[in-house]
Amino acid sequence: MALRAAVRNKSALSALLSQLSPCSSHGRVCVTQRRNNSTSPKIKVDFDQSAGVAVMRLQSPPVNSLSLDFLTELCINLEKLEMDKSCRGLIITSSQPKVFSAGLDIMEMYGKSPESCGEFLRAVQEMWLKLYSSNMITIAAINGSSPAGGCLMSLTCDYRIMADNPRYSIGLNETQLGIVAPFWFKDTMVNTVGHRTTEMALELGLLYNPSEALKISLVDKLVPEDQVLTTATQTMTKWLAIPDHARQITKSMMRKPTIDKLTSNREADIQNLVSFITKDSIQKSLRVYLEMIKKRKG
């Protein structure tokens, strides 16, 4: 499986690169949040108060890159929902065609000062912590490709439903860009698919098509593309049938050791990541990657 995915990985990455570039009514409440220099909200939340379920749509063209602005807006919305005890479930999906999220915004790490890199990486940590420790039922409705940070976001969820389109891919492919996934990326994937599968996936920077992702349990269910959100809504109903207190305690019991590992080492983790990312050799790798994107756009 890993070798087959590795052989196909370059074409999967190439397909993804071609896409890249550097209300209240009837019980529903639309929530949007924008940050200082955002011209439009990058996150839209539609909260159905009667059902106790929110749908969060990622809407930052062209590929929902996880920039500092995006992550800040995401975290603000997550905190609002978490504080609203009537919100029991959250479905995360994308409004952008063909992509769930292309992952971390490389421009936040290229040519930046250590202080700027640190601020960005702290926001990535915060996104992971809020999602992975959420008391809400979280379902990723993955309606497009989801590499790197996009894969991480989906891995934080309780359940993952992906569009059954062989052109889409998912995985932690950081090594292909010359960078290394932080230990909490690794731990999240180990908790999902096991140690050996994660070891090969991370070392080779594998991207899996939907059927491969299902086989290794990187996703839980495949459905036709036009049924991703409706299936997520139906699946949410089953999860809502479980008493919240029992589910939340069980979730915490399963995830707390992984969460504690980061919370007790957040600043050290940031310093290690900043030291790594700002190395000349890593900056060179990022420059090569950005130039490759520029050529493909041209």
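A pocket is an open set of grid points with protein on both sides within 12 Å along at least five of seven lines. The structure described here is a predicted model.

**The second largest pocket**

The second largest pocket has a volume of about 290 Å³. Its lining is made up of 13 residues, and those nearest its centre are Tyr132, Cys157, Asp158, Met254 and Arg255. Two elements, helix H5 (183-193) and helix H9 (244-263), each give two or more residues to this lining. The most comes from H9, which supplies 5 residues. By class, the lining of the second largest pocket holds 5 nonpolar, 3 polar and 5 charged residues.

**Helices H2 and H3**

Two packed helices are described by the angle between their axes and the distance between the axes. For helix H2 (residues 68-83) and helix H3 (residues 114-132), the axes come within 9 Å and cross at roughly 30°. H2 is therefore roughly parallel to H3, since angles under 35 degrees count as such. The crossing of H2 past H3 is left-handed.

On the H2 side, the contact involves Leu68, Leu71, Leu74, Cys75, Leu78, Glu79 and Glu82. These meet Glu119, Phe120, Ala123, Val124, Glu126, Met127, Lys130 and Leu131 in H3. The contact of H2 with H3 divides into 10 nonpolar, no polar and 5 charged residues.

Definitions and conventions. Residues numbered from 1 in each chain as written. Predicted model: local features only at pLDDT ≥ 70, side-chain atom pairs only at ≥ 80, totals over all residues. Heavy atoms only, no water. Axes fitted to C-alpha atoms, helices over the stretch in contact; angles between N-to-C directions. Helix = DSSP H or I, 4+ residues; strand = E, 2+ residues; numbered from the N terminus. Parallel < 35°, antiparallel > 145°, perpendicular 65-115°, else oblique. Left-handed = near helix turned anticlockwise from the far one by under 90°. Contact = heavy atoms within 4.5 Å. Nonpolar A, V, L, I, M, F, W, Y, C, P; charged D, E, K, R; others polar. 1 Å grid on protein atoms, 1.4 Å probe; cavity = no way out; pocket = protein on both sides within 12 Å on 5 of 7 lines; lining within 4 Å. Points joined across faces, edges and corners; volume = space filled by probe spheres on them.
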